[in-house]
Amino acid sequence: MELSWTTATTALVTVFTISKVFKFVSGLKAVDHLPGLRVPFQPLSLLGIIVPERSWNPGVIFVWTWRHTRNIYRRFGNDTVSVVPFFSGAPTVYTQSMEVARQVVTAGHKTGVFGKTDDMSRVLLFWGPSVTVAEQDQWRKHRRIVGPAFNNDTYKLVWDTTQRMYADMIDCERWAEKATIDVPRLQQLTFKFTLIIIATCGFGLPFSWADPPSHDGQMSIQQCLEIITVSNVFAIAAPKWAWKLPLPWVRHTRQAFDTMRAFMNSHVQARREAMHSSAGDDTAKDILSLLVQASEGEGGKMSLDDNELIGNTFALLFAGHETTAHTLAATLGFLSLNLSIQEEIVEQIREVTKGRENGEIVTSGLYLIREAKEDTVLNLSGVGEEPKMLPVKKGTHVIVDMVGVHYNPRYFSDPEEFEPGRWYDRTSKEGIADVEDHTAFSVGPRTCLGKKFSTTEAPLLSVNASTGVKETTEEWRTRVMQATMNITMGVRDVPLTFSKRV
């Protein structure tokens with residue numbers, strides 16, 4: 001008996017539909033039927049990213065774009081909700097509760113119940129394992145190697161280098177000769193600035209504003225990183241043959257990846273040669289030197305292979321500038337909208353640094369993403385509330401939504417207002433006692449290694465630059481100060497006009 005194409009197609013569609021129904025029902029059970037969105041694709045899955053944002057496909061940054069119109073926490077009356085896809089992606093719990101966040105990120109790391117997801121780490125794993133994506137014993141190994149490079153001497157160097165680089169930028173751009181300076185895209189400056197700082201202070205590479213990081217006169221490392229950032233979906237999803245397609249953008253992407261890898265390999269090799277030619281403790285103690293020393297070991301727990309060496313080099317080079325650059329652009333944009341706060345910050349920095357050569361001033365992560373490695377339970381209740389337990393099945397994703405946290409009225413009564421004082425004035429009504437947990441540097445043992453690096457570099461540049469940011473309008477804010485997302489979240493291109501402060 002021969003089956004017709006119609007019969008075969010109908011059978012396949014039926015089987016496919018039944019499998020997706022089972023997937024959906026299984027997803028609902030995984031989150032114990034917690035109220036939330038029911039959508040075709042998990043927002044951070046490949047299809048969720050590729051398919052344009054719609055009412056039925058929230059998109060990667062729906063927690064930002066929907067925060068006023070379709071806020072999921074207000075809609076479902078809870079600080080923790082679910083997103084269950086029926087076509088593609090894992091069932092997911094989204095939370096804007098720091099109480100839940102500590103259970104997942106801090107306690108979950110210590111017990112091994114929650115860990116990072118392979119899918120979400122794939123962008124950095126493309127280059128090799130690193131302290132950013134490793135888990136459990138492997139993370140401890142990477143952390144022991146990389147951690148010592150972040151110390152007070154490093155932060156002092158960051159402070160000095162930031163001051164010097166700002167002066168270098170003013171000189172090279174000839175800003176001192178002008179009464180006003182129009183910058184059409186502020187990110188072009190902030191990305192270059194932070195990249196030079198991490199390359200100089202973190203990796204001991206002698207770059208300047210006039211001579212930014214590059215390799216063999218090809219495209220600059222800043223250009224490479226910008227291309228890598230916007231093409232990350234292609235990099236992790238495309239088969240090997242796709243990299244050979246005779247398309248201009250594919251060739252450009254391949255050149256960026258090849259140049260980036262050649263840049264890292266060349267400096268790793270140069271550091272190896274320098275280490276072999278030095279005696280005793282003469283070897284430098286920057287991040288790159290410590291990584292190379294570990295790779296030269298004779299094996300054991302403290303050894304790094306070449307794959308891990310390049311993975312850590314890229315992760316720290318990328319993470320060491322990307323988020324800070326986005327934060328700087330957004331901060332200067334908001335300062336241009338708030339001249340009174342700009343004056344307050346300028347006066348404060350002048351007071352703090354008066355008579356000092358060095359100092360430290362006490363930041364853009366959107367999500368903290370974890371996966372349940374075994375069946376477990378989360379307590380969804382807030383402080384002082386009756387326990388409200390949520391069973392979570394193995395494989396379920398739990399996402400701490402840092403946009404939600406910062407817009408949660410339980411923590412901030414007026415989150416739409418730009419109020420820097422809430423981060424340092426514990427006596428004000430907006431002050432928060434656990435400020436360290438709300439900075440998007442993560443919490444617990446996995447707190448960002450470069451936290452003090454960033455909070456030394458970013459405020460100094462912000463204050464120096466803000467001495468000349470002109471006031472802009474609310475219409476400008478509506479048009480420009482909106483979120484965009486590649487690997488990390490930032491704002492749209494920020495055009496600013498700087499003027500000399502008198």
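This is a predicted model: local features need pLDDT of at least 70, side-chain atom pairs count only at pLDDT 80 or more; totals for chains, interfaces and linings use all residues.
Residues are numbered from 1 along each chain as its sequence is written, and side-chain values use heavy atoms, without hydrogens and water. Local features need pLDDT of at least 70, and side-chain atom pairs count only at pLDDT 80 or more, whereas totals for chains, interfaces and linings use all residues.

The protein chain contains 19 helices and 12 strands, taken as DSSP runs numbered from the N terminus (helices: H or I, at least four residues; strands: E, at least two). Of its 502 residues, 51% are buried, that is, under 20% relative accessible area with a 1.4 Å probe, protein chains only.

An open sheet with mixed pairing is built from six strands in the order β1-β2-β3-β9-β6-β4; two strands pair if DSSP finds at least two bridges between them. Strands β1 (36-41) and β4 (114-115) are at the edges and have a single partner strand each, so one side of each lacks a neighbour in the sheet. Strands β2 (residues 80-88) and β3 (residues 92-95) run antiparallel and are joined by four bridges. Ser82 has Val93 in β3 as its bridge partner.

A nonpolar core is a set of buried Ala, Val, Leu, Ile, Met, Phe, Trp, Tyr and Cys residues joined through side-chain atoms within 4.5 Å. The largest has 82 residues, among which Leu186 and Met260 touch the most other members. Helix α9 (residues 186-202) provides the largest share of this core, nine residues. A second, separate core of 25 residues includes Val113, Leu378, Tyr411 and Val443.

Technical notes
Buried means under 20% relative accessible area, exposed over 50%, partly exposed in between (1.4 Å probe, protein chains only).
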